[in-house]
Amino acid sequence: MIATEKTTEENGAAQAAVAAAWDVERVREDFPVLGQTVNGKPLVYLDNAASAQVPRIVIERGAKYLREEHSNIHRGVHYLSQRATSAYEGAREKARRFINAREARECIFVRGVTEGINLVMNAYGRKVVREGDEIIVSEMEHHSNIVPWQMLCEEKGARLRVIPMNDDGELLLDEFDALLNERTKLVCVGHVSNALGTVNPVKEITARAHKLGVPVLVDGAQGAPHLKVDVQDLDCDFYAVSGHKMFAPTGSGVLYGKAHLLEEMNPFIGGGSMIRTVTFERSTYAAIPDKFEAGTPAIASQIGLGAAIDYLNSIDRAAAQRYEQELLAYATERLSSIEGVRVIGTAREKASVLAFVLGDVHPHDVGTILDQEGIAIRAGHHCAQPVMQHFRVPATARASFAFYNTKAEADSLVAAVQKVVEVFS
Ligand SMILES: Cc1ncc(COP(=O)(O)O)c(C=O)c1O
């Protein structure tokens, strides 16, 4: 079928329809933090890729736990412990449904993606990787999906291979095919790049790796907040999520793993709650997920993650996603029109992230001036130094959007960057 060009009116009408479907002002009321002023200006929060804000129902759920239910889980026969346990396990079931895992026991509660990946490195990687083996990551990974694998490679005498990307920040899948071989033990790739915004074809990557029987770990830190995640459809073997990037408190997160893999893995951290029996001669371990949740977990935070999932289920996520896409396109177009702005990350498929450099101005100076205008962005290497090396920049300024940001906020960003230009001209 031949696609017909849309007229300006049609495009305008389509945008108006998206705006109508997504009542951003209504949604903003759910996030109390957004109502404040910073340096005398309304807060413009564009640092969502670092940590997203928390809706009222998450705050209230955490407070309710602390006020009425606070107690240790699993071991108690008393009323409070049972309530806390049921809320904690309830959150696990919500997480299961959110990512469409087959079973709740496939969802391990972790503090975030960093802990999730280190769990897989220690409990799976150290068991299966041997001298001469290879682990594949991509050039755009966050350090938390590079450093653990480097540590493992050093320990085992294995080799880290890297899928390169082009100058738009898109992975070169042919190069990936060329890297895959019988020595490959694991492929570790991000769903969405925090430094570039690129949405990677993780389903396709997984299918290609599986042809050779190689398991795939997906870093979902930036995927879960913006995209619908279905781990059964992706068919990935591990998927890691950070709660604080998807509107939940810090210290919450999920590592999904296929049950048969988790069952074969050694425990990562030893201690209480993860055992079946202990003698001085030998200990035996609990079944999954408990085997991987030693000690007292972040009960309040994980219950908060459950509430954040309730919140996400209560909104029209497809409309939110369309709205975010439109906002990102609008902000990108407006920002790009400023002389000296170079957008870093121009992939066809992107989510949330607008990273840029401005002539010779250091991104930290951009960030500082924007802060004076009440605008929160992030400046630095974003824990993705290889991305900076690829684009030959020491750092970038990064605005990252959520569904509660507005076009007026994108305009404030553009106006503030224009101010930076004036200050440095
Ligand atoms: C793509 C990506 N992976 C991993 C992480 C690490 O997440 P956390 O700090 O929650 O462990 C981040 C955090 O910015 C990220 O953006």
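User: In this structure, how many Å separate a polar side-chain atom of Lys245 from an oxygen atom of the ligand?

Analyst: The model is a predicted one. Lys245 belongs to the residues around the ligand. Between a polar side-chain atom of Lys245 and an oxygen atom of the ligand, the distance is 2.6 Å.

User: What percentage of the accessible area that the ligand has on its own does the protein cover?

Analyst: On its own, the ligand has 390 Å² of accessible area. Of this area, the protein covers 84%.

User: Which residue has a polar side-chain atom 2.7 Å from an oxygen atom of the ligand?

Analyst: The residues around the ligand include His142 and Gln222. For His142, a polar side-chain atom is placed 3.5 Å from a ligand oxygen atom. The residue with the 2.7 Å distance is Gln222.

User: Where does the ligand sit?

Analyst: Among the residues around the ligand are Val113, Asp219 and Ala221. The site that holds the ligand is the largest pocket.

User: How many residues apart are Asp310 and Lys94?

Analyst: The side chains of Asp310 and Lys94 form a salt bridge, with an N to O distance of 2.9 Å. Asp310 lies in helix H11 (residues 299–314), while Lys94 lies in helix H4 (residues 79–99). The pair thus joins distant parts of the chain, and the separation is 216 residues.

Note on methods: Residues are numbered from 1 along each chain as its sequence is written. This is a predicted model: local features need pLDDT of at least 70, side-chain atom pairs count only at pLDDT 80 or more; totals for chains, interfaces and linings use all residues. Side-chain values use heavy atoms; hydrogens and water are left out. A residue is near a molecule or strand if one of its heavy atoms lies within 4 Å of it. A polar contact is a pair of N or O atoms within 3.5 Å; within protein, one must be able to donate a hydrogen and the other to accept it, and residues adjacent in sequence count only if both atoms are side-chain atoms. Accessible areas come from the Shrake-Rupley method with a 1.4 Å probe; for residues, only the protein chains shown count as cover. On a 1 Å grid over the protein atoms alone, a cavity is a set of points where a 1.4 Å probe fits but cannot get out, and a pocket is an open set with protein on both sides within 12 Å along at least five of seven lines; lining residues have an atom within 4 Å of a point. A molecule sits in a cavity or pocket if more than half of its atoms lie within 2 Å of its grid points. A salt bridge is a side-chain nitrogen of Lys or Arg within 4 Å of a carboxyl oxygen of Asp or Glu. Helices (H or I, at least four residues) and strands (E, at least two) are DSSP runs, numbered from the N terminus.
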